[in-house]
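Please keep the sequence and the structure in view while reading.

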Amino acid sequence: MENMMQETKAHYRELILVRIGEIALKGLNRGRFEKQLLKNLEYRLRHEGSYKLTRADSRIWIEAGDDQQTLDTATALTAVQDVFGYVSASPVRAFPLDLDLLDANVLKLAEEKFEDGRKHSFKLEVKRANKAFPLKTYDLAVRLGDLILDHFADQAWVDVHEPELTFYLEVREDFYLYTEIIPGRKGLPVGMGGRGMLMLSGGIDSPVAGYMMASRGMRLSAIYFHTFPYTSEEAKQKVIDLAKILTRYAGDLDLYIVDFTSTQLALNEVCPEDMMTIVMRRMMIRIAQAVAQEEKIPGLISGESMGQVASQTLEALVCTDKVAEMPIFRPLIGLDKDATIRLARDIGTFETSILPYEDCCTVFVAKHPKTHPRLGDAARAEKHLDVLGLTLEAVQKTEKIPLKLADNIGKYDRISPLH
Ligand code: ATP
Ligand code: MG
């Protein structure tokens, strides 16, 4: 009689495990957080292919859609990295609680890891959530450690402190096996933190400011002040492109383009030169806030940073804030320009931001702006300005451009928005 022993072949289902952090959830509604994250991950992945997402035990699982044979793990892992709100993700192999199958699957994974022929230290990390499983954590670790050492005697050695490779095994209703833990973007899922109107110029700072507020769960709209023909069509296109890049992280957003020409010309005519920048900023706030109010958006976001330029001294910020009836979030206020530039490079806005098209602020700029203006100076400078009329006119002439996440990442089929 032939050998009765049938060698068990490696086989498993592929999944992606998305871990939701604990710390970020303090004081927040956990259920709402998880639902929003699931929705945002689904929305991001819908643009990449067919996937199925489920929520269980404070984790999210991503599988191949019902119409798919296999999970496109690499594509999904890259795509979800744009989404705020999770701590880490792992490509996971899941299979029934069968020890022969476990051995086969561990060997298969080890083979892939030792394929390069080089030596690697490793360890096993076993988590036994299923207490009914007969083998204890330690027994499983020893069994699998020995198995790897036997098969890869020339390449593998154990280092429990700083291993190059860690084989993670979770014992639940199935076995879950993986080696990689890929950090997520963290933050809070967009949609958890209300809505904000981002004042988006073509510069380096404001896209980063929008990104930072989105990372705290804020859904964005954006507003750009366009002074055509003093600022070119290219300058406007640059802002549209920046807003499109932001959709990658913030989801769909509406971009408002304000016709700022009449206001700029009026300022130029009636304001003392050294107060022009401050008054211009006050007009921007008034208009942005009027548009925000119309859209039921309760706060503004700006890219200002303390002391960076003349309009960003404390006194200048006080003068601008005075006309605001809603909070102005300035997430870059305490950041160095270097840190902002690093962030801009990381999120992919830097290259677009440094394109050389003029911003309205650089066209109508005073040679010697007042760096320590008083509130009285601002009021006096606006004495001959038709503040209300200009604000109303600008709001009326504002164009709205809805931007979709899909515009930035390729193919787009009509699906429901992120909210
Ligand atoms: P940025 O790099 O974002 O342009 P900045 O350091 O150049 O910032 P300013 O140009 O003085 O600073 O603008 C300060 C903030 O005011 C910007 O970060 C942005 O939020 C807003 N802002 C400036 N110009 C415009 C504009 N044309 N349209 C919309 N918002 C603007
Ligand atoms: Mg600027």
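Leaving aside its neighbours within four places in sequence, with which residues is M197 in contact? M197 is in contact (heavy atoms within 4.5 Å) with S221, A222, I223, Y256, A288, V291, A292, I297, G299, L300 and I301.

## Basis of the model

This is a predicted model, in which local features need pLDDT of at least 70 and side-chain atom pairs count only at pLDDT 80 or more, while totals for chains, interfaces and linings use all residues. Residues are numbered from 1 along each chain as its sequence is written, chains are lettered from A and ligands numbered from 1 in the order in which they are written, and side-chain values use heavy atoms, with hydrogens and water left out.

## The nonpolar cores

In soluble globular proteins, nonpolar side chains tend to be buried together. A nonpolar core is a set of buried Ala, Val, Leu, Ile, Met, Phe, Trp, Tyr and Cys residues joined through side-chain atoms within 4.5 Å. Buried means under 20% relative accessible area, exposed over 50%, and partly exposed in between, with a 1.4 Å probe and protein chains only.

The largest nonpolar core has 35 residues, of which M197, M199, I223, F225, L267 and L300 touch the most other members. At least two residues of this core come from each of β10 (195-199), β11 (219-226), β12 (253-259), α8 (276-294), α9 (314-321), α13 (375-381) and α14 (387-396). These labels refer to DSSP runs numbered from the N terminus: helices are H or I with at least four residues, and strands are E with at least two. With 11 residues, α8 gives the most to this core. A second, separate core has 31 residues, including Y224, Y249, L253 and F350.

## Helices α5 and α10

The axes of α5 (residues 205-215) and α10 (residues 337-347) come within 9 Å and cross at roughly 75 degrees. Axes are lines fitted to C-alpha atoms, for helices over the stretch in contact, and angles run from 0 to 180 degrees between N-to-C directions. The two helices α5 and α10 are therefore roughly perpendicular to each other, a term that covers 65 to 115 degrees.

On the α5 side, D205, P207, V208, Y211 and M212 meet K337, T340, L343, A344 and I347 of α10. Of the residues in this contact, seven are nonpolar, one is polar and two are charged. Here Ala, Val, Leu, Ile, Met, Phe, Trp, Tyr, Cys and Pro count as nonpolar, Asp, Glu, Lys and Arg as charged, and the others, Gly among them, as polar. Helix α5 is mostly covered, with 10 of its 11 residues buried. After α5 comes G217, whose phi is positive, near 90 degrees.

## Cysteines

The count of disulfides (pairs of cysteine sulfur atoms within 2.5 Å) comes to zero. C271 is in no disulfide, and the nearest cysteine sulfur, that of C319, is 13 Å away. Both residues count as buried: C271 has 8% relative accessibility, and C319 has 1%.

## Backbone features

Most residues other than glycine have a negative phi, and most peptide bonds are trans. S58, in the loop between β2 (51-56) and β3 (59-64), has a positive phi of about 60 degrees. S58 is partly exposed, with a relative accessible area of 25%. K186 has a positive phi near 60 degrees and lies in the loop between β9 (182-183) and β10. K186 is partly exposed, at 40% relative accessible area.

The peptide bond from F228 to P229 is cis, with omega near 0 degrees. P229 is found in the loop between β11 and α6 (233-250).

Notes
Parallel < 35°, antiparallel > 145°, perpendicular 65-115°, else oblique.
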